[in-house]
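Here are some exercises to work through with the model open in your viewer. Try each task before you read its solution.

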Amino acid sequence: MEIVFTAFINIQIMKKSALPDPFEKARLEKGFGEVEDQEDPVIMVLRHKDVRKCAHNWKTFQSGAAPGRIVVPSEVNIRDTRQIPFELDPPLHREYRDLMEDWFRRPLQAPYQAQLSAQISAAIEEVLTKDSVEVVGDFSLPLQSRALTLLLNIPFEEAEKWIAWGTHVFRSEESALDGDKANILYDYIDQEIDKAIEHPGEDLYSVLLASEAQGRKLTKEEVKGTMILTFAGGRDTVINAVTNSIAYFAEHPESLNRLRSEPEIIARAVEELIRYFAPLTHMGRVATEDAQVCEHAVKADSRISLCWASANRDAAVFENPNEVVLDRKINPHLGFGFSHHKCLGATHARQILKTLLHVLIEKVESIDIQDSVENIENWGEFNRKVGFDQLQVKFNALK
Ligand code: EMZ
C-alpha cells in the first residue's frame with residue numbers, strides 16, 4: 001500500500017508544470033525563514049495569518065525605506081528613484097494611489113478588453129502555425145509587452161523595444177542585479193517623460209505629469225518612479241504567470257476541456273492559478289522599531305519579507321493547497337499582496353489571464369511540452385521554482 005502511495009506522489013511531483021512548495025516544513029515548524037542578501041539579511045514570514053498581520057501593520061513594517069530596500073534581492077545599489085506608490089507609506093501612499101486607481105482600472109472597459117483579446121488571439125493564431133515554440137521568450141514576453149501598450153495607452157509598435165530588453169529589466173544572464181541593464185530602462189523612461197512634457201497626449205506619462213499630489217504637480221522624479229514600477233513590477237510576474245499557465249494546461253488537458261464546457265468558472269480559475277503560481281515569491285518591509293515575528297526578534301531597521309508563495313500554500317487556510325482546484329470557492333490568496341499595497345496592476349494582470357484562457361479554449365485543442373528549463377530561485381534554505389527559463393511546446397489547433 002505504502003509503495004503504491006509513494007509512486008503516486010512521485011508521478012505528481014514529476015509533472016513539469018508542478019510548482020512544489022519548498023516552505024512547508026519551516027512554515028509548520030517555526031513560521032519563518034532566514035535569507036542573506038547583500039549583507040542586509042531578511043526574515044521571511046511564512047504563515048498566511050502572519051503575512052497578513054505584518055502587511056497590515058505598516059507603522060512597524062514600512063515600505064517607505066530607502067528606495068530599493070524592500071525588494072528582495074535589494075535594489076539599493078542599482079536604483080535611487082523611489083517607486084510610487086509602492087515605496088510609500090500611508091497617508092502619502094493613499095494620496096498617490098488615489099491618483100492612479102482609475103487609470104489602472106481601465107482593463108475593465110470593453111474597448112480595452114476587445115483590444116487585448118485581439119492581441120492574444122493573434123498571438124495564439126501565430127503559434128498554431130509552428131511546430132515548436134519557445135514560450136517564455138517568443139510567446140509570454142511579447143504578449144506581456146504588447147498588453148503593456150494598452151495599460152500605458154501608447155502605440156502598439158513601441159512593444160518591440162521592450163521585447164528586446166528580455167524578461168527581467170534588472171536581471172541578465174550575467175547578474176541578478178544588472179545595473180547597466182537597469183539604466184537602459186531608466187534612460188528610456190527619462191526620454192519618454194521629456195517627450196510627454198513637449199507633446200502631452202493621452203498616455204500614462206502625460207496623465208501623471210498633469211496630476212497633483214501634496215498640493216502640487218507630480219515631479220519628473222515621481223512620474224519616473226511610477227513608470228519604473230509599471231514596467232518592472234508587471235514584467236517577469238506576468239511572464240511567469242502566462243508561461244506557467246501554458247505548462248499547466250499542457251499537462252492538464254482535462255482542465256482545458258473543463259473550462260471549455262464551463263467557461264463561467266474562468267474568473268475563479270484565474271484566481272486559483274495565481275494562488276498556485278504566486279508569480280512574485282515575496283516582498284520586503286523594513287522594521288521601524290524592535291518587533292517580533294513568530295517569537296523571533298526583528299531589530300529596528302532590519303528587514304522582513306512577506307512570503308506570498310508560502311502563505312498561498314498554507315493548509316490552515318487552503319484545503320489541498322498543493323493542488324490546482326480550478327473552481328476553488330473560497331480563495332483568500334495573497335498572490336497580489338495584501339492590504340494597502342495590493343497590486344495596482346492586478347486588474348490588468350487578471351484581464352490578461354482571463355483573456356488567455358478564453359482564447360485557449362476557443363482555439364487550442366492541446367499543448368505538448370517538448371523541452372523545458374526550470375527557473376529556480378534560491379532564498380537561503382529554500383529553493384523555489386517560480387516558472388521556466390525556457391519552455392518549448394507545440395500548440396495543437398482545435399478542429
Ligand atoms: C519592483 C517590484 C514590484 C522591483 C510588485 O513588485 O517588482 C520587481 O520585479 C522589480 O525589480 O523594482 O518594481
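## Exercise 1: a helix on a sheet

Helix α5 (residues 110–128) lies across β4, β11 and β12 and runs at about 70° to β12. Bear in mind throughout that this is a predicted model.

**Task.** Work out in what order the three strands of this open sheet are arranged, and which of them stand at the edges.

**Solution.** 
- Begin with the order, which is β4-β12-β11, with antiparallel pairing.
- Next, look for strands with a single partner: β4 (133–134) and β11 (364–379) each have just one, so one side of each is left without a neighbour in the sheet.
- Now check the pairing of β4 with strand β12 (residues 382–397), which is antiparallel and covers two bridges. In this pair, E134 stands opposite Q392 of β12.

## Exercise 2: the five-stranded sheet

**Task.** Trace the open sheet of five strands and find what β10 pairs with on either side.

**Solution.** 
- Write down the order: β1-β2-β10-β7-β3, with mixed pairing. The edge strands are β1 (32–35) and β3 (61–62), each pairing on one side only.
- Start from β1, which pairs with β2 in the antiparallel sense over four bridges; here E34 stands opposite I43 in β2. The two strands form a hairpin with six residues between them, and Q38 in the turn has a positive phi of about 50°.
- Step on to β2 (residues 42–45) and β10, which pair in the parallel sense over four bridges. I43 has I304 as its bridge partner in β10, and M44 stands opposite S305.
- Cross to strand β7 (residues 283–287), which pairs with β10 in the antiparallel sense, again over four bridges. The bridge partner of G284 in β10 is S305.
- Look at the side chains of β10: R303 and S305 point one way, I304 and L306 the other way, and all are buried.

## Exercise 3: two packed helices

**Task.** Describe how α6 and α11 pack, and decide which class their angle falls in.

**Solution.** 
- Recall that two packed helices are described by the angle between their axes and the distance between the axes.
- Read off both values: helix α6 (residues 135–152) and helix α11 (residues 236–251) pack at about 125°, with their axes 9 Å apart.
- Apply the cut-offs: 65 to 115 degrees is roughly perpendicular and over 145 roughly antiparallel. The helices α6 and α11 are therefore oblique to each other.
- List the contact residues: V135, V136, F139, S140, L141, L143 and Q144 come from α6, and V238, I239, V242, T243 and I246 from α11. By class, the contact has nine nonpolar, three polar and no charged residues.

## Exercise 4: a loop lysine

**Task.** Is K299 buried or exposed, and which residues does K299 touch?

**Solution.** 
- Locate K299 in the loop between β9 (296–298) and β10 (303–306).
- Compare its relative accessible area of 56% with the cut-off: exposed means over 50%, so K299 is exposed.
- Leaving out residues up to four places away in sequence, K299 touches A287, E289 and D290.

Key. Residues numbered from 1 in each chain as written. Predicted model: local features only at pLDDT ≥ 70, side-chain atom pairs only at ≥ 80, totals over all residues. Heavy atoms only, no water. Axes fitted to C-alpha atoms, helices over the stretch in contact; angles between N-to-C directions. Parallel < 35°, antiparallel > 145°, perpendicular 65-115°, else oblique. Contact = heavy atoms within 4.5 Å. Nonpolar A, V, L, I, M, F, W, Y, C, P; charged D, E, K, R; others polar. Buried < 20%, exposed > 50% of the residue type's maximum accessible area, 1.4 Å probe, protein only. Pairing = 2+ DSSP bridges.
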